[in-house]
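Welcome to this short tour! Open the structure in your viewer, keep the selection tool ready, and follow along stop by stop.

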Amino acid sequence: MSDSASFQIMYGGPALESNEMDVRELAPALIAVADLLEEANLIINGGGSKISVNVHGSFKRGSFGIDFRVIQDIYQSFLTLFNSDGVSGAANLLSLLGLVEYGKGLIGFLKKLNNRNIQKAEHLEDDRVEITITREEKIVIPKNVLDLYKSPKIRKALENIITEPLTRRGIDEFRSGYSDHEEQVVISKEEKELFGMPLLGDEVLGENTTEAYLQVVSLSFKEDNKWRFSRGEVVFYANIEDNEFLERINRNEIHFSKDDILKVRLYTRDILTGSGFKTEYKVLEILEHRSASRQLKLPMDE
């Protein structure tokens, strides 16, 4: 079973008088439209359907427009097992995103929010949520819109579709809506920052301290004392926090050569950041220092 809906986005401004748009500006926006709809479908429908997006050009003087056809394949197994009423159709996805109704959906919510922080979100009946912005101002939205709002992938896609193109000189307006309807969603250049990707705070996923053997790749005696190590095939930088060990180096009591091995107490912290997953390393204590040079072991009498 399949469902489909068609809609259009348009960019307007002096730079588009010739109905041409730089492919380097257009390509990220086109890809972001597909990403936006695929992620929205995943959030709203889970594994119940698959979205594909087709495009063709549409032009009016002083603008550049793209018509999109969203094709949604609804899996028969999902229909049989969970009932088709649970699947949100292509047109409803467009509505929830706010691409086809002015002031509605996620885009309408972001406009009303106006880059202000949400103070409280309270779940109501009928899958609605009451959003408190200030003591005097509250907004009731569908829970699905809040789910879309909280998705970094959705917010990044909106930034690429709306904020980035409107940052360009000569592109002053973004429009979207059903191709055959006069009423459209309109966003001006002055509103572009409302749809930018918010900064994400770091989330610590886990911490661990263990004994480990590390091979020295490169040394640093700057203030941060960040050395480069390898642990098997993994190469990383780590801060040295064993001050007694560092003092012995300063007094020339310890000498290093490339590929020396250290037995250490190693602290690791796994962090999810706005740009992705990373691991921080700290060497808390040096337990043993082994030279890289090795000698053959021979069976000898005492």
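This is a predicted model: local features need pLDDT of at least 70, side-chain atom pairs count only at pLDDT 80 or more; totals for chains, interfaces and linings use all residues.

Residues are numbered from 1 along each chain as its sequence is written, and side-chain values use heavy atoms, with hydrogens and water left out.

**Stop one: the barrel.** Helices (H or I, at least four residues) and strands (E, at least two) are DSSP runs, numbered from the N terminus. Two strands pair if DSSP finds at least two bridges between them. Now select β9, β10, β11, β13 and β12: in that order, these five strands form a closed barrel with mixed pairing. Next, show β9 (residues 203-218) with β12 (residues 261-273), which pair in the antiparallel sense over 12 bridges. Click on Gly206, and you will find Asp270 of β12 opposite.

**Stop two: a helix with two sides.** Select α7, residues 243-250. Which of its residues are buried? They are Phe245, Leu246 and Ile249, where buried means under 20% relative accessible area and exposed over 50%, with partly exposed in between (1.4 Å probe, protein chains only). These buried residues fall within an arc of 100 degrees when seen down the axis of α7, so they line one face of the helix. The arc is that of the directions from the helix axis to the C-beta atoms. An α-helix has 3.6 residues a turn, so residues three or four places apart point the same way.

**Stop three: aromatic rings.** Select Trp227, Phe229, Phe236, Phe245 and Tyr281, which make up one aromatic cluster. Rings of Phe, Tyr and Trp (its six-membered ring) pair if their centres lie within 6.5 Å; planes under 30 degrees apart count as stacked, over 60 as edge-to-face and the rest as tilted. Zoom in on Phe229 and Phe236: their ring centres are 6.3 Å apart and their planes at 40 degrees, so this pair is tilted. Phe229 is buried at 0% relative accessibility, and Phe236 is buried too, at 6%.

**Last stop: a loop.** Move to Asp126, in the loop between β4 (120-123) and β5 (128-132). Asp126 is not a glycine, yet has a positive phi of about 60 degrees. Is Asp126 buried or exposed? At 67% relative accessibility, Asp126 counts as exposed.
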